[in-house]
Amino acid sequence: MSPSYPFNDPYALSTVVSGKDLKVPSERLPAGIYISINADSRRRWKSVISVLSSEESAAWGDTVTLSSQASPAFSVEIWASYEADRMLGSGEVIGKLQLSWDDLLNHGDEPFNLSFPSVRGVHPSLTLKVAVVHVCDDALSDSLVDCKIARDTDAGHARFAKYMIRRRVSHLKAAVQHFQLVLDQCPVSHPDHAAALTNLAWARLKGYARNDLQDIDATTSLFRKALALRPQHHPDHPLSLYILTEALTWRHNKKSTAADIHEAAQLYHELLPLCPEGTYFRSVAAGENGVDYVINGCNNLPIDASDEGICLRRVILELCPLGHQLRSRALHNLALLVQASFTQRGSIEDLDDLIQLRRETVSLCPEGHTDRTYYLNNLAYSLQLSFDHQGKPNDLDEAISLYEEALRLCPAFRDFSLDSLGGALVSRFNKRNDIDDITRAISLHLEALTLCPPGHPRRHTTLNNLALALKTKYDELGVREDLNNAIDLFRESLRLKRLDNPERHKALHNLSSVLCSRFTHTQKNEDIEEAINLCQESLAALPSLHPDRYFSYLWLENAYLSRYQIQHNPADLSLAVDNFRLASGHPTQGFPGRIETTLCWVDEAEGYQHDSALEAYQVCLELFSSHVMTRSSIISRREAATAFSRARSLPVDAASCAIRCDDLRRAVELMEQGRGQQWSLASRLKTPVEDLESANPKLAHSYVELSKRVSNAAQSSATITDRAAADRAATEYRKVTEQWEAAVAEIRNLQAFSRFLLPPLYADLQAAARHGPVIILIASQYSCSAIIVPTSGEPHHVPLLSITLADLKTLKDRFTRAIRHASRMNPAESRTDLIVLLRIVWDEIMLPIVNVLENVLELKRRSRIWLCPTAAFTSIPLHAANPFQTRADRSKEPCLEDIYICSYTPTLSALIRSRQMMKKRVTPSFVAIGQGQPGAGKGKALSAVDSELELVHKLVPETATRTTISGDAATRAGALEGLEENTWVHLACHGKQDPAQPYDSHFVMRDEHLTLLDIMDKHIPHAEFAFLSACHTAVGDEKTPDEVIHLAAGLQFSGFKSVVGTLWEVDDAVAKHVVEAFYTYMFHPKEVGVMDPTKAAWALNCATHAVKTKVPLEQRMVFIHIGV
């Protein structure tokens, strides 16, 4: 029964909604799918081209109007287009269906499906929706282009589809012939030339893939030409990229050409971002036969540690995003190349990258994963490399922990795991000297050797590792059997290594080292000759910048020095020094090893009185500074500084050496370069740039911004506990630091800034003595002396002949006991012990200096002087030196503080910096901060604090803004706010110097401690004066006395130009007498409203004299002045 229509001339409004299961017969990747409705050979309607989804479906929503009179029957066709832009021909037909007018209108206005003949096992289908309307015309038009190019192209597609389905070569040849005819009709200038090239090349490529055609090179060339005609942003650029990758991967598949798979990877790197998620194009390109094939192909390539090889592996990793099944393999392969690069170049960037890559690899292999053991060992080895190169103890501890886990997990790699763990334990023994480590290491290596019998590929490595452990044990315990066994094992290891083995140089210099050790016992010349030859052979095998040349230089130096010690030939000592110089200056070796070598150079040069000693000191100080600067946080810098116990006396020993060389200027420079490095490094980021702003504002701004970034990176890294996150933060810090250093280098290129942030010269440092001489007291193992830096002219040397370093250490201990004893005495009792000690300080230390000040420099009495003590001198109250003698006229011999006004300075640079900052002064404001009730577990109550604050408040001039913070308000945050917002500060509370971690030294507040780190984080350039009425605020730590890390120095660093601090415990009940006297002198009635921080030293001097009858000796001595 025919349907009835509401109009005499019915029209159908048909909407093509969507299609699914749209498989292309030839399996070629289409640019898109479109629908065609044909009424006859001339009249046709085409939809827009829709992108095929990953589920092989498409959506249109296009509408066409059809007339039953004009077209009683028509066909609906699904086509694949191979051009997203201008089409060449119609493309390839996916399905055709003949429909009548009734077929179309039988479904009312509900959507219905049209099923097409099967393609590759499934039936494509379309969903349509029809509505009956009354309009004046249909949408079919004479749109078919009937030309030879289009007909030949469509014929080619049809023949090619038959070839792909039926596999008949005749169909392929026919398709190629048609496509070649089209290309002949489309010269280079023709708009369809690229499409014609692509169609021909694709047919030929599939014929090559099926072994029906052979010329892949010409085919690939056609694809390249097409891609060149479709540059970036061309609609068909992505499709041309993909098709070229197909040609390259097929050629690689058949010819195994590495260049093809390399190029395919690079093309996919460009292609994948151009393939939208959810599209069929994306699913094919990112699938097993697309990029995954390329990734696997690259993963199977040989290791290539060149820049190009590493670049390729980085591309492969980017092709494996998070969650990709091949990512762990890509990470591993890239890590292998980065490790090889590090081994060849010693680049810290490679090392950082290596550890991050291997951390991620391990994270992708949880417990139970078959490769976890292997990847754990790799990460551990990377951390061990980092420890060797950078000296971070945490790296070694983590490496050992990972090796232990790997050994527990997998018996399959047991020999490797045993060897690896043994090597790490040897490294830890060298650092911590725990005999259990070396004993276990030898046991592990012996077990590993049993698993590597003769013929095993790793036997030579295990022999070498066991020999190294035995040599290490011999160096510690001196058992000759261990040495002889080590020699035999090294010889066998070397014999098993082929001449082309990349690790052979290690066997050469390792054998050299043990032969050298034997020579010191046997004195057999053949041993030392062989040792020297082996090192020279290892050097010859290595390029000039290979990191391991360092070890060859090291053992060659050892060989020459050993021979010199036996045969006393000066040429051998010179050769040893030459190799010390080469090893310490080898740029691709890590700083820790080079520092250790230079320290040995210093010792040998001093021991043999060689003229290179001063050079060795200079090199060591420079290396030490560079090494500490690599650490991102203040605490980690101190850890790096304390890791070298022999380096603690480096600055004073260097200065002593310069004095012995009659170079006093150099002595001052070396002393300054080596002391207070923590402050120097931190202050570099706060260097004033006013002069630079005038010369080059843009560069000055860049430097300031980079300094902020370095400081922020350092602060953020200090709070991170997760190791992987800490590694990333350290890498970020290093990168920002490199940019900062580049900016500094650029500044130094300016004419007036050639020494910007370089260690200051004597002429610069003499500015510290502008208002009075600075006395540097040097406590070295070689000599104790003082250098007086006068206001003008050359420095003066004052030898302290009657005192040694050992005497100073004894004196320090006696002072500690005497102070402790005095604190338990009645105020009226005589401090006999202290008097005896202060008399020694006067007679043996300060009197020779005063004689030069008075008789040579003719310094007037009551002039200001600055003391800059070093090493053991920092623990002795030099300012309190006193002869305690009575003259014949019953008058007392003057003490140091009777003669001069004494101040201290941590370094000359600190004093200069404070004076420079005095140029900018603001209206003074005063805050008194006190906490007498710190809370449970934070110390006893300080009953005199509140009265002290009231007293200070009364004595401060009314012209200044005066604030008091006490009680509940005296919190950590409240105190910090008070420090930041005021120019003058008085602090009365408990103070605590932390001997283990001086940066944790603190003032006790109501809630949390106000730490030295808190203070250092603040930059308060307007700050002027601070009085620290608290215990232990100006005493440094024993491990690094020359770093002068204490609370008073921290306040000076943050901006306070003048600080009064304390050397030991303060009795708050008597301290307020000193405080009252100090502020009385500081704010003299005759100078109403004047607040001058440069008067603080004089005021303290007067105050301690004024309270002699009220305050016992040790409580007067406790206060010292630091700064301007």
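A residue counts as buried when its relative accessible area is under 20%. In this predicted model, His-627 has a relative accessible area of 2% and is therefore buried. His-627 is placed in helix α24. Leaving aside neighbours within four places in sequence, its contacts are Gln-390, Phe-591, Pro-592, Ile-595, Ala-640 and Phe-644.

The ring centres of Phe-624 and Phe-644 are 6.0 Å apart and the planes lie at 70°, so the pair is edge-to-face. Phe-624 belongs to helix α24, while Phe-644 is in the loop between α25 (634-642) and α26 (650-660); the pair therefore ties together parts that are 20 residues apart in sequence. Both Phe-624 and Phe-644 are buried.

## The loop between α24 and α25

Ser-632 is located in the loop between α24 and α25. With a relative accessible area of 12%, Ser-632 is buried. The C-alpha atoms of Ser-632 and Ala-730 are 6.1 Å apart in space, although the two residues are 98 residues apart in sequence.

## Aromatic pairs and charges over rings

The structure contains 20 aromatic pairs. One of them joins Tyr-564 and Tyr-608 in an edge-to-face arrangement, with 5.2 Å from centre to centre and 85° between the planes. Tyr-564 lies in helix α21 (residues 549-567) and Tyr-608 in the loop between α23 (591-607) and α24 (613-629), so this pair links parts that are 44 residues apart in sequence. The two partners fall into separate accessibility classes: Tyr-564, at 14% relative accessibility, counts as buried, whereas Tyr-608, at 31%, counts as partly exposed.

Elsewhere, Phe-926, Trp-984, Phe-1025, Phe-1027, Phe-1078, Tyr-1079, Phe-1083 and Phe-1119 form one aromatic cluster. Charged side chains are also placed over rings. Arg-210 lies over the face of Tyr-163, 5.0 Å from the ring centre, and the charged end of Lys-254 sits over the ring of Tyr-208, 4.6 Å from its centre.

In soluble globular proteins, nonpolar side chains tend to be buried together. The largest nonpolar core of this model has 175 residues, of which Ile-845, Met-846, Leu-878, Phe-1003 and Phe-1078 touch the most other members. Helix α34 (residues 832-855) supplies the largest share of this core, 12 residues. Phe-1078 is named both among these core residues and in the aromatic cluster.

Not counting residues up to four places away in sequence, Met-846 touches Val-841, Leu-867, Leu-878, Ala-881 and Leu-896. A second, separate core holds 99 residues, including Tyr-242, Ala-285, Ile-310 and Ala-330.

## Helix α19

Helix α19 comprises 19 residues (residues 504-522); at 1.5 Å a residue it should span 27 Å, and its end C-alpha atoms are 27 Å apart, which agrees. Of its 19 residues, 14 are buried, so α19 is largely enclosed by the rest of the structure. The helix is followed by Gln-523, whose phi is positive, near 55°.

## Salt bridges

The model has 46 salt bridges. In one of them, Glu-263 pairs with Arg-224, with the closest N and O atoms 2.5 Å apart. Glu-263 lies in helix α7 (residues 258-271) and Arg-224 in helix α5 (residues 216-228), so the bridge ties together parts that are 39 residues apart in sequence. Glu-263 counts as partly exposed at 24% relative accessibility, and Arg-224 is likewise partly exposed, with a relative accessible area of 34%. Another bridge joins Asp-437 to Arg-428, the closest N and O atoms being 2.9 Å apart; Asp-437 is buried, with a relative accessible area of 7%.

A salt bridge also connects the side chains of Asp-475 and Lys-471, at 2.8 Å from N to O. These residues are 4 residues apart in helix α17 (residues 459-477), so about one helical turn separates them. An α-helix has 3.6 residues a turn, so residues three or four places apart point the same way. Asp-475 counts as partly exposed at 48% relative accessibility, while Lys-471 counts as buried at 7%.

How values were computed
Residues are numbered from 1 along each chain as its sequence is written. This is a predicted model: local features need pLDDT of at least 70, side-chain atom pairs count only at pLDDT 80 or more; totals for chains, interfaces and linings use all residues. Side-chain values use heavy atoms; hydrogens and water are left out. Helices (H or I, at least four residues) and strands (E, at least two) are DSSP runs, numbered from the N terminus. The expected span of a helix is 1.5 Å times one less than its number of residues. Buried means under 20% relative accessible area, exposed over 50%, partly exposed in between (1.4 Å probe, protein chains only). Rings of Phe, Tyr and Trp (its six-membered ring) pair if their centres lie within 6.5 Å; planes under 30 degrees apart count as stacked, over 60 as edge-to-face and the rest as tilted. A charge sits over a ring if NZ of Lys or CZ of Arg is within 6 Å of the ring centre and within 35 degrees of the ring normal. Contact means heavy atoms within 4.5 Å. A nonpolar core is a set of buried Ala, Val, Leu, Ile, Met, Phe, Trp, Tyr and Cys residues joined through side-chain atoms within 4.5 Å. A salt bridge is a side-chain nitrogen of Lys or Arg within 4 Å of a carboxyl oxygen of Asp or Glu.
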